[in-house]
Amino acid sequence: DAGRQVVIEEKLSGREVSLLALVDGEHLTPLPPACDYKPVGEGNTGPNTGGMGGYTPPEFFSFYEAAHTAATIMQPVVDELRRRGLPFCGVLYAGLMLTAAGPKVLEFNARFGDPEAQVILPCLDVDLLDLLYATATNGLAGIKLPPPTRAAVNVVLAAENYPGPPVTGDVIHGLDAVPPDVLVFHAGTQRVGDRILTAGGRVLHVVGVGSSVEQARERAYQGVEAITFRGRHYRR
């Protein structure tokens, strides 16, 4: 039945960016913007995935442009929900296309997204707990974050055959050899005895943090090189 109806939509051309904001029901505080990479293969080839990596800050969308976009595109959503008696408290996620006519909304969501959150949160120059407490207690009025002084790059280690049905159950080696300045987020793993096994399509998110995107990328791939499991693949 779904094939009986055709929906024609405007094609949006431009660069895609993710913008997350904390919302206390009335006010919002935007977080640093980030970009992720959906296609599984090099050069943005192959089928789309849940995200093969990401980075912040994007060189084409400044922290100040993000703040303006949050005020003009995201705040009206918060205001309308409140007007309807449905105040939203939490993380508002906007997927945006930066077109020649300005930012256009691809999607809204109500969560921290990965891989974006895993690069955004390590770059915050304020205490995340304080921000979340203010979010939960209607305390975000007047809270504006300083521009981040760090950059982060996230590289996803995926299981064999992902984004198709992934091959799981393989032993992961090298987690104890990751450099100390690299973060490793477990996405699709399980512990069996004293071993860590693959248990999903996107297995690990390896995040390097540095003073620049270039330095963060170098550190992320140092972490990637330390970790091995059968069938792993990632974007280079």
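Predicted model: local features only at pLDDT ≥ 70, side-chain atom pairs only at ≥ 80, totals over all residues.
User: What's the strand order in the open sheet of five strands?

Analyst: The order is S3-S6-S9-S13-S10, and the pairing is antiparallel. Strand S3 (35-36) and strand S10 (182-186) are the edge strands, each pairing on one side only.

User: And how many bridges join S6 and S9?

Analyst: Four bridges, between residues 53-56 of S6 and residues 151-158 of S9. In one of the pairs, Gly 53 has Val 155 in S9 as its bridge partner.

User: Which helix lies across S6, S9, S10 and S13?

Analyst: Helix H4 (residues 213-226), which runs at about 140 degrees to S13.

User: Back to S6. Is Thr 56 buried or exposed?

Analyst: Thr 56, which sits in strand S6, is buried, because its relative accessibility is 2% and the cut-off for buried is under 20%.

User: What does its side chain reach?

Analyst: A polar atom of the Thr 56 side chain lies 2.6 Å from the backbone oxygen of Pro 33.

User: New topic: which residues are buried in H3?

Analyst: Leu 131, Ala 134 and Thr 135. They fall within an arc of 105 degrees seen down the helix axis, so they line one face of H3. These buried residues pack against strand S1 (15-24) and strand S7 (89-99).

User: What's on the face turned away?

Analyst: The exposed residues Leu 129, Asp 130, Tyr 133 and Ala 136.

User: Which residue caps the N-terminal end of H3?

Analyst: Asp 127, with a side-chain oxygen 2.8 Å from the backbone nitrogen of Leu 129. Just after H3, Asn 138 has a positive phi of about 55 degrees.

How values were computed:
Residues numbered from 1 in each chain as written. Heavy atoms only, no water. Pairing = 2+ DSSP bridges. Helix = DSSP H or I, 4+ residues; strand = E, 2+ residues; numbered from the N terminus. Contact = heavy atoms within 4.5 Å. Axes fitted to C-alpha atoms, helices over the stretch in contact; angles between N-to-C directions. Buried < 20%, exposed > 50% of the residue type's maximum accessible area, 1.4 Å probe, protein only. Polar contact = N/O pair within 3.5 Å; in protein donor to acceptor, adjacent residues only side chain to side chain. Arc of directions from axis to C-beta.
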